Amino acid sequence: MKAIGNFIRQKAANIGIPNDKPFYVEQLAASAALENTSVILCNKDTLLYNSRFNDRGWACGYRNCQMLLSSLMSMDQGMSRFGQIPGNGNVPSIAELQQMLELAWQEGYDRDGAAQLNYRVVGTHKWIGATEAYCILAHLGIRSQIVDFHHPTMADGTHPALFEWIAEYYTNGEIENLASNTAPNVRFTNRHPLYLQHQGHSRTVVGVELGDSGTNILLFDPDIAIAHSEDSPAKLKLFRLQLGATRRADQYQVLYPLPVDQAEIPKLISSLRIP
């Protein structure tokens, strides 16, 4: 197992993949191949988690953290920093992520945010957002960046700057080795999924779709069940977000992990504002 995954497992006692039938981003390739567009996706080993009946409506932030961590754990990062630690290879559960968040607060990360939640989330249904995801990653030794799209950049209330930034993020990623049967219009990259936050909800961006009619974001909403199986992979159209749909919120935030280095992780969270 890759070192960063081992380090995450060391931090998380009693880790376990929830029984919610996660599936890999790689399964999107079959549906994407049928499109007359260019589809650029995140790390193919990213696991996508549907919310379960008992956590739908409050745990989207934790589900999105699981998806991001599944990608981090699958890739060879941090070998020199963390070393090899035995573990069972599973993604942290929601309960364990809650414990990690409280530990991050105890370590001094985001004191203002911790105070707003009374320094307690374990065993509760409190919502979390991008800043709490930052703290969870920081507790694991993973630096991340929040990008704040703090107002629409078109008069009609849409956010083209958000779409442009996400498209650049994925198109600048390194292309992964593909199976010989992968369609030429489908590319997997070494990019991690993105944690996308807006008022009251968060989702996971898994890629972009580029076509003659413009750019679409491909995202996964953990609160919307998507049927999938080996015989019937998930349909790409269920992941498609068009620019007009960004009118639903005035502000968006994107969180993404930064490359591993020796820099200290700031305990006071700051964001990059665009524009």
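Reader: Is helix α7 largely enclosed by the rest of the structure or largely open, and how many of its residues are buried?

Author: Keep in mind that this is a predicted model. Helix α7 covers residues 130-139, and it is largely enclosed by the rest of the structure because most of that stretch is buried. The buried set includes A130, Y134 and H139.

Reader: How do α3 and α5 pack, roughly parallel or roughly perpendicular?

Author: Helix α3 spans residues 60-74 and α5 spans residues 94-106, with their axes 10 Å apart. The angle is about 90°. Angles of 65 to 115 degrees count as roughly perpendicular, so α3 against α5 is roughly perpendicular.

Reader: Which residues of α5 meet α3?

Author: On the α3 side you have Y62, R63, C65, Q66 and L69. The contact's residues divide into six nonpolar, two polar and one charged. From α5, the partners are I94, L97, Q98 and L101.

Reader: What is the nearest cysteine sulfur to C60, and how many disulfides are there in the whole structure?

Author: C60 counts as buried because its relative accessibility is 6%. The nearest cysteine sulfur is that of C65, 9.9 Å away. A disulfide needs the sulfurs within 2.5 Å, so C60 is in none. Across the whole structure, the number of disulfides is zero.

Key:
Residues numbered from 1 in each chain as written. Predicted model: local features only at pLDDT ≥ 70, side-chain atom pairs only at ≥ 80, totals over all residues. Heavy atoms only, no water. Axes fitted to C-alpha atoms, helices over the stretch in contact; angles between N-to-C directions. Helix = DSSP H or I, 4+ residues; strand = E, 2+ residues; numbered from the N terminus. Parallel < 35°, antiparallel > 145°, perpendicular 65-115°, else oblique. Contact = heavy atoms within 4.5 Å. Nonpolar A, V, L, I, M, F, W, Y, C, P; charged D, E, K, R; others polar. Buried < 20%, exposed > 50% of the residue type's maximum accessible area, 1.4 Å probe, protein only.
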